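Keep the viewer open as you read.

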Amino acid sequence: MKEAFRRVHGADAEGIWAAPGRVNLIGEHTDYNDGFALPIAIPQHTLVAARRRQDGRLRLHSAQGEGPVIDLRVDGLTPGAVTTWGAYPAGVVWALREAGHPVGGADLHVDSTVPTGAGLSSSAALECAVAFAYNDLYDLRLPAAALALLAQRAENGFAGVPCGAMDQLASACCTEAAALHLDLRAGSHEQVPFDPRAQGMSLLVVDTRVKHDLGDGAYAALRTGCERAARLLGLAALRDLGPVDLPRAAELLPPHLVPLVRHVVTENARVARAVAHLRAGQVAALGPILRDGHTSLRDDFRISCAESDLVVDTALEHGAHGARMTGGGFGGSVIVLAEEDRVEPISVAVTTAFRAAGYQAPHMLPVSAASGARRVW
Ligand code: ADP
Ligand code: MG
């Protein structure tokens with residue numbers, strides 16, 4: 001990183017920061033409903049080497065980004081002005097300045113092991129690495145959660161992606177061998193022990209390597225549907241509905257909104273159950289929760305796809321405790337929880353099933369709960 005920085009920017013970096021990607025164990029599409037989620041940070045992470053500039057310029061380079069150095073002026077940053085990958089890091093600088101932090105320019109060089117567009121939140125990893133770099137370079141002393149919310153603001157307000165706060169909070173606040181129990185309404189979070197390896201188990205991420213176009217407009221439509229349902233029920237958010245309220249809600253709502261509400265309500269309940277099991281040291285008990293979570297996303301939220309369903313079904317047939325699609329939907333990654341000695345046969349079976357179906361080979365990433373964003377040099 002130091003050498004690459006010097007090559008690109010012609011000077012020495014002042015430091016290097018890292019921020020991980022994430023997978024969510026359970027609690028999907030609950031963040032924008034003021035609900036709960038339970039992500040872990042994964043070992044794959046994004047590095048940012050950085051150095052301040054005195055001339056108000058922001059110069060961005062990435063080993064994964066197309067094109068040469070992106071050269072911007074921090075006082076000219078406006079939403080929509082940057083349409084390339086540079087919108088994510090530039091958005092962080094914009095969000096900091098919008099929030100009243102008088103930060104200036106910088107040279108940045110980015111390199112990452114988080115696959116992009118696989119539902120593992122490479123965008124949040126990039127934003128958080130930049131936010132942590134700026135926090136130190138400009139001595140802002142903001143806590144990790146505040147940096148995460150600024151990173152989310154960057155993605156919403158500058159890059160134009162209407163995501164919830166889960167990804168950035170996970171990347172910023174996770175710790176090793178723990179999942180992060182997020183309460184998106186309270187804005188609070190708590191570490192819950194999560195170390196499958198200590199109990200002879202493994203968490204495998206299967207990147208299906210498909211991203212169906214359907215996903216682009218669908219996220220906004222689902223979000224709008226949930227918000228509309230809450231309004232019709234006279235609630236601030238679907239978070240305020242419990243499983244016992246579902247029959248009554250079903251009577252009041254137009255039929256097409258009922259399955260959306262059912263997913264969110266049962267998903268929040270699944271997060272609570274998962275947390276209770278993990279606190280009791282029962283990792284394998286997550287299995288049925290993951291299975292139910294997948295069924296709910298597939299049948300009620302209707303955002304799974306043939307490839308993700310094939311991974312889940314094949315993994316379960318080959319002895320996984322549980323498996324489910326993660327992320328926004330219509331492709332991306334699936335998580336599989338299994339005994340360590342089942343991981344190899346499951347990987348082989350999934351790869352074979354994909355070949356037989358004519359799909360491109362999936363990528364297998366064994367993961368553990370890794371630490372959140374931090375300075376590494
Ligand atoms: P995900 O966050 O699930 O990986 P997104 O579509 O939200 O998928 O974000 C992916 C985008 O983030 C990429 O298309 C790119 O613009 C940007 N990005 C992420 N990581 C990097 C990186 N290391 N270098 C350059 N751009 C990146
Ligand atoms: Mg993203």
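In this predicted model, ligand 1 is surrounded by 16 residues.

Start with Q64, where an N or O atom of the side chain is 3.0 Å from a nitrogen atom of ligand 1. G117 takes part through its backbone instead: one of its polar backbone atoms is 2.8 Å from an oxygen atom of the ligand. At S122, a polar side-chain atom lies 2.6 Å from an oxygen atom of ligand 1. How much of the ligand's area does the protein bury? Taken alone, ligand 1 exposes 560 Å², and 77% of that is buried by the protein.

What kinds of residue make up this shell? By class there are 10 polar and 6 nonpolar residues, and no charged ones. Two elements, strand 6 (105–112) and helix 3 (122–137), each supply at least two residues of the shell. Helix 3 gives the most, with 3 residues.

Now step back to the space around the ligand. Ligand 1 sits in the largest pocket, which has a volume of about 1,200 Å³. This pocket is lined by 49 residues, and those closest to its centre are Y88, G117, S123, E155 and V161.

The lining draws on several elements: strand 6, helix 3, helix 5 (166–173), helix 6 (215–232) and strand 11 (331–339) each supply at least two residues. Here helix 6 gives the most, with 6 residues. In the pocket lining you will find 23 polar, 17 nonpolar and 9 charged residues, whereas the shell around ligand 1 has no charged residues.

Notes. Residues are numbered from 1 along each chain as its sequence is written. Chains are lettered from A and ligands numbered from 1 in the order in which they are written. This is a predicted model: local features need pLDDT of at least 70, side-chain atom pairs count only at pLDDT 80 or more; totals for chains, interfaces and linings use all residues. Side-chain values use heavy atoms; hydrogens and water are left out. A residue is near a molecule or strand if one of its heavy atoms lies within 4 Å of it. A polar contact is a pair of N or O atoms within 3.5 Å; within protein, one must be able to donate a hydrogen and the other to accept it, and residues adjacent in sequence count only if both atoms are side-chain atoms. Accessible areas come from the Shrake-Rupley method with a 1.4 Å probe; for residues, only the protein chains shown count as cover. On a 1 Å grid over the protein atoms alone, a cavity is a set of points where a 1.4 Å probe fits but cannot get out, and a pocket is an open set with protein on both sides within 12 Å along at least five of seven lines; lining residues have an atom within 4 Å of a point. A molecule sits in a cavity or pocket if more than half of its atoms lie within 2 Å of its grid points. Helices (H or I, at least four residues) and strands (E, at least two) are DSSP runs, numbered from the N terminus. Ala, Val, Leu, Ile, Met, Phe, Trp, Tyr, Cys and Pro count as nonpolar, Asp, Glu, Lys and Arg as charged, and the others, Gly among them, as polar. Grid points are joined across faces, edges and corners, and a volume is the space filled by probe spheres set on the points.
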